[in-house]
Amino acid sequence: MARVISVFLPTWPTDRLRRKTGDAAPPAEAPLIIVGRDGNRRVVMAADAAARALGLRIGMPVTKAQALVPGLTVAPADPRADAAGLERLALWVLQRFSPIVAVDGSDGIVIDTTGADHLHGGEAAMLDALVGRLAFSGVAARAAVADTWGAAHALARWQADPVFIAAPGATETLLAPLPLEALRFPPTLSAGLRDLGFARVGDLVGQPRAPLARRFGPDLCRRLDQALGEASEPITPVRPEDLIEARRSFAEPIAAAETIARHIGKLVDALCTLLEERGLGARRLDLLCHRIDSRIQTVRIGLARPVRDPKRLTRLLCDKIETIDPGLGIEIMSLVASLAEPLAAKQVTTDLVGTPEPDLSGLIDTLANRVGAKAIYRFAPVPSDVPERSVCRIPALAEDTGAGWPDHWPRPSRLLPRPEPIETMALLPDHPPNWISWRGVRHQVRRADGPERVFGEWWKRDAELAAVRDYFRIENEAGARFWIFRAGDGEDAATGSHRWFLHGVFG
């Protein structure tokens, strides 16, 4: 089933201005409003969070707003710049999250998650990543995912805080308590419905359609049916001007997997030719299958390095054919390189008898497109003496910087996600324990080495100014080796709790 994300940007005009740099940016500390005209009156068209917190509202006269908030920053409305900025933001989302993204009115973005949510760890992880990335860029956002565009639009604006995930099939129940404005009705239509006693979306469900359509026109029934999933509402994705795309239209709709695979191969060949002409390689490919019922089935694959090898790209795309629901038939197929990077030709071997260097990118691409790119990674060192801070995840094929971990003390091959408390007994502060009890199992210590003292990073947290850890390597009677530590130096309470923890296991 197709799922749709709606992203609501409640303060987009002010957020866009805040993101400007240099003299064009408004003062960061002052509340900001956007001013436009309503007839002969100058009114507030948008207000940032600081201005809203001070009681300013959209539609308020500017003179009243300035009287209520001294030092208020006022900027003229620029609808064209707001629309252009919103389209650029939609293109940014297109490149990073999903192949089908469109602008939703003047304050939102709509995303079809079909074929893309699993690459981000599921719907919840995708929503959190999207809202988090926008917040990090200075854009306030609320987002919801639902079965239809209309339902997601309504829930993002009236239910999300900051995200909301609607269970599949629960659209009618979730929309029923929402106000009429949630269905994207024109203000005059909502006012007319309220005059007749309708206040909530649930009041309209089950009502005879003919009298409502005769009195208010077709928009009412169309919007209601779209929200409930009884009428289709295709999303026309935004497209950059320099998009590299190969497209095929069919005289007769196709549906068989073998036919789809054959045309995927032809599209890949055509796209690779276009990429070669520009000296580029694909880092992300989007396959869009337009069905005869106006729905679009999508497949997105990512690549660890720029690629324009037709065989590899065809294989990766064909592995996803089982996820495509052709419905009654596909009439148009298009293959888009939504992310491309320069790719120069290089020599594979240096002599006639040489062997090429092993290339793991094909294996990584296959695994990443099955389980998600975030699940394929490798570890890299971070300059930190605190063990849990000394490692980070990097892409599997990231360039090797040559950095390494300190080698004066051995480190365990498996570091636990967080240190686990253990029971133990030691004779003296500098002595290793005689035994430990971890996860209900008692281990007698036969050999031990240490302590290795690790000091806290006082420049990061005041609480670590005097904190220390004493680490020991121990071995039990069965030969298993563990990495344990005591929080504190064993004497001064200011250095730690003096409790013992197990932090890692040696191979």
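## A sheet, its helices and a pocket

Strand β1 (residues 4-8) and strand β7 (residues 142-146) run antiparallel, joined by 5 bridges. Within this pair, I5 faces V145 in β7. Helix α6 (residues 149-158) packs on the sheet, where α6 touches β1, β6, β7 and β8.

This is a predicted model, in which local features need pLDDT of at least 70 and side-chain atom pairs count only at pLDDT 80 or more, while totals for chains, interfaces and linings use all residues. Residues are numbered from 1 along each chain as its sequence is written, and side-chain values use heavy atoms, leaving out hydrogens and water.

Let us look at the whole sheet. It is open and has 5 strands in the order β5-β6-β1-β7-β8, with mixed pairing (two strands pair if DSSP finds at least two bridges between them). β5 (100-103) and β8 (163-165) are at the edges with a single partner strand each, so one side of each has no neighbour in the sheet. From one strand to the next, the twist averages 15 degrees.

Here is how two helices are directed (angles run from 0 to 180 degrees between N-to-C directions):

| Helix | Strand | Angle |
|---|---|---|
| α4 (residues 79-96) | β5 | about 170 degrees |
| α6 (residues 149-158) | β1 | about 35 degrees |

What lines the largest pocket? Its lining has 28 residues, with R283, R284, L303, A373 and K374 nearest the centre. β11 gives the most, with 5 residues. By class, the lining has 17 nonpolar, 3 polar and 8 charged residues.

Notes:
1 Å grid on protein atoms, 1.4 Å probe; cavity = no way out; pocket = protein on both sides within 12 Å on 5 of 7 lines; lining within 4 Å. Helix = DSSP H or I, 4+ residues; strand = E, 2+ residues; numbered from the N terminus. Nonpolar A, V, L, I, M, F, W, Y, C, P; charged D, E, K, R; others polar. Contact = heavy atoms within 4.5 Å.
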